[in-house]
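Welcome! Let's take a friendly look at charged side chains and how they pair up.

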Amino acid sequence: MTDTASHHLYADVPLALKNGRARLIDNLLAGKAPDFLDDNARLIDDYFRHRYEKSVVGPKMDIAKNPYAIVALGGYGRAEQCVYSDVDLLFLFEKKVPRVAEDLVREIVYPLWDMGLDVGHATRSIKECISMARKDFEVLTSILDARFICGMSPLFIKLMEQIRTKFINLKPDTIISWLVETNRERHRRFGDSSYLLEPNFKEGQGGLRDYHTMLWIAKIKSGIKQRRDLEYYGYFSHDDYTRMSEALAFIWNVRNRFHLMMNRKSDQIHLEQQRKLADVMGIPAVNGHLPVEHLLGELHGHMEYVKQQHEMFLYEMEQKKRLKRKNKGLKTTQVKGLKFNRGMLNFISPEKILNNPRLLIDIFAESAAQRAPLNSEAKRLVKDFSHLVDDAFRRDSTVVHQFERILIRSSRTFEVLNQMLYTGFLARFIPEFKSVVNRIQFDQYHLYPVARHLLYTIKTLRGFDTDAGAKADALAHSLYKELKKKKVLLWAALLHDIGKGEPTNGHSERGAVQAEKILLEKSASPADAKIVSFLVEHHLLLVQTATRRDINDEETAVTLARIIKKADLLKMLYLLTVADSMATGPKAWNDWTASLLENLFLKVLNVLEHGELASGRAVRTVEKKRQAVVEAMTAEMAPDQLDRLLNLMSPRYMLYTPVGNIPKHLQLYAEVGDRPFVWNVARAPGADTRTVTICAKDRPGLISRIAGVFTLNNIDILDVQIFTWRNNIALDVFEVNPPPDPIFEDERWERARRDLEDALAGRLDLGDKLVRKKNDATPIRPYTAERPTEIVVDNQTSSFFTIVEVVTFNFPGLLFRVTDALFKCGLDIWVAKIATKVDQVVDVFYVRDFDGQKVDDPQQVAAVKAAIQDILPGEDPIHG
């Protein structure tokens, strides 16, 4: 054969693979590739076999002296080859890897790299494989999935036999324990993908790794060769295996389509990608749910099945271990009509359910009491007999009592309620639940679909009763332990977002009506139903007030006290708020939010327990502070000078500033001299934030320039307290997140200080700098177009200030632009609160005009709204 002919032959092999994959992908897109994974793996197999047969390097190695085999590992070894999955290879040699093996790898692997395939390869002897598997169980699992492709098959057989006899058979329990613990750690890291809004197909709970773990354990224990053997060896029933295959097929299909959409390997589907994926997959809208909700709902359902099978697989394995221990028998149940099968609960027969429908709730109550899951057949029977959950069943006092026992007493409440949700029982028992089962909020603020979030809120509340709960939130722990009406609070937690079944505003008010109706139907007392309704209606009251209003203003606490009225109700509302925020996700719950909420709770509780704050008391508070400051500063400042300075301070400053901070502020004032400003940056106690206290000569636009400098240096503002003394000195206290790089934090603060000096001196054009920063940055895009900008000018909440509230999509320089617009409208900012919800931001400002008056003239209000709208991205705003 000529060199030219040989070159064409070699060129044809990768071309055949490339064309074959293209046809296969076309069939996948057309819905005509049911065996895509296997077919894709076989195409790659054919490439390796052709390369092996026509290899130029192979004959030079003297195969008699250096026999080798090409072995598929990992997902490729299982013949589960997704579009952009890695192709993991082992070039296996008997004793020593010859130097010429490198040429063999180049000859075989390089053309695949040129095609864009991600090929991982290793060249090892049998001895090296066994040695590495002993040291690294990750290597072992890849070998467990090994599949012979071509070459000398006896080598492959020898490797697999020695791996088993020299290692697996000697330490099966150690390996299995490692597999189980590794998977648990993966779950902790990646979360429960069976209900996360941004699931990880592979690593999260309910993902493909759960299936792989079951497969690896079965290979270790029984030596099974392929997935089908899970049924043949009795690990799965025929129905379970069929259902598992359907679940895996759906997950793999979504993963493949996602790979193609992203044009790369990707295992986590983010919110901004989900609508597009639903569109390209042609998912229809179903029962009022958007196509993307239908897609996520079905994906979550399949991943939930994988998760539950994995949990039952491990549970049954543990039960078998129990039987081998002395005096450890199988669990038994005293509930007539129920039985245990291999440590899992089941019904004795379908006829028992027909004769006694209450068994449908009894099995869940027993699951909670015994900490044992329902087996697959029991779950199927609950679904099959769900029609027995009718109005009479829902109102049955015994059934309701059993349900409330699960809510209150179960230490595994979330798992039991999750089984109720999965089997459809929960939506039959509370029909209003059906509309929130797969309801998704596209804001990256909530991590879970609504129904899952409700269950997670209950789990969080129950967690307050534990030692871990005490560490997470000491106040919530003590309040929950003392609470008398836990049942009522848990009902409120279960129903607090039930109004989100309709995708329109007002879910709290709508949910309150639904919750009261549900409780009355369950024969709750009218008083308890009213409490649940109140908690549902106002479940956002505390957190929105804490993050959007000045909690140091006595009007804020008094207003809330007038709404809530009772201390016990406030405690329940606080607990619900904390649990709701924690269950929403880290974007909703952090140290800063926790600090704000706790402070607000204590202020409102003080009002409820001791009556409304009186001006006389405020005067006495100010006088006590003056005396304390005088005592603290006597050694550093002459009494008459100190008295003059204290007289320059506004009553509001003296009332709301902690007494320990006033001497520090006076020291800052003493340092100002002829400088435009001085500042102090301090770590906030109990939170990973910074308190920046700025003492400056007041000037128009000071706040907007500070905000612009912070934005320029990637410092996020959380809260601002602004005080102007009577000698034209501004004392502004900013609560901020630290700069992004903790190692160079001091350098970043020094650069920000210089930037502020330049901005105040007119040497730095902040507007121009921030425009360039915005253009250079990756834009923050809204996930939906249904949430336009809101501009609200509120003259009702505060007696002394106009409150301007701006809800819009975030971009660099937003705070600078809004504060600059307010300044140009002739307004002084006294308090600013900033609450960022990932893609949206809520900026709230307490303002008065330069004459100290509220902005209540209609023309003034319209002018303020227009000025703010002019500096925002082009959207039609909602004005309030």
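Here is a short tour of salt bridges and surface charge in this predicted model.

## Salt bridges overall

Side chains of opposite charge can pair when their charged atoms come close. In this model, the count comes to 44 salt bridges.

## A buried pair and its network

Asp45 and Arg147 form a salt bridge, with 2.7 Å between their closest N and O atoms. Because Asp45 sits in helix H2 (residues 36–53) and Arg147 in strand S4 (residues 147–151), the pair ties together parts that are 102 residues apart in sequence.

Are these two partners buried or exposed? Asp45 is buried, at a relative accessible area of 0%, and Arg147 is buried too, at 14%. Both also belong to a network of salt bridges that links Asp38, Arg42, Asp45 and Arg147.

## Two further pairs

Asp267 and Arg255 meet through their side chains in a salt bridge, at 2.6 Å from N to O. Asp267 is in the loop between helix H12 (238–262) and helix H13 (271–280), while Arg255 is in helix H12, 12 residues apart. With a relative accessibility of 15%, Asp267 counts as buried, and so does Arg255 at 6%.

Lys530 forms a salt bridge with Glu516, where the closest N and O atoms are 3.3 Å apart. This pair links helix H27 (residues 526–537), which holds Lys530, with helix H26 (residues 507–521), which holds Glu516. Lys530 is exposed, with a relative accessible area of 51%.

## A positive surface patch

On the surface, Lys127, Arg134, Lys166 and Lys171 gather in a patch of positive charge. Lys127 is part of helix H6 (residues 126–135). Lys127 counts as exposed because its relative accessibility is 71%, and exposed means over 50%.

Terms used:
Residues numbered from 1 in each chain as written. Predicted model: local features only at pLDDT ≥ 70, side-chain atom pairs only at ≥ 80, totals over all residues. Heavy atoms only, no water. Patch = residues over 30% accessible without salt bridge, like charges linked within 9 Å, V, L, I, M, F, W, Y side chains within 5 Å. Areas by Shrake-Rupley, 256 points an atom, 1.4 Å probe, with all protein chains shown as cover. Salt bridge = Lys/Arg side-chain N within 4 Å of Asp/Glu carboxyl O. Lys, Arg positive; Asp, Glu negative; His and termini not counted. Charge placed at Lys NZ, Arg CZ, Asp CG, Glu CD. Helix = DSSP H or I, 4+ residues; strand = E, 2+ residues; numbered from the N terminus. Buried < 20%, exposed > 50% of the residue type's maximum accessible area, 1.4 Å probe, protein only.
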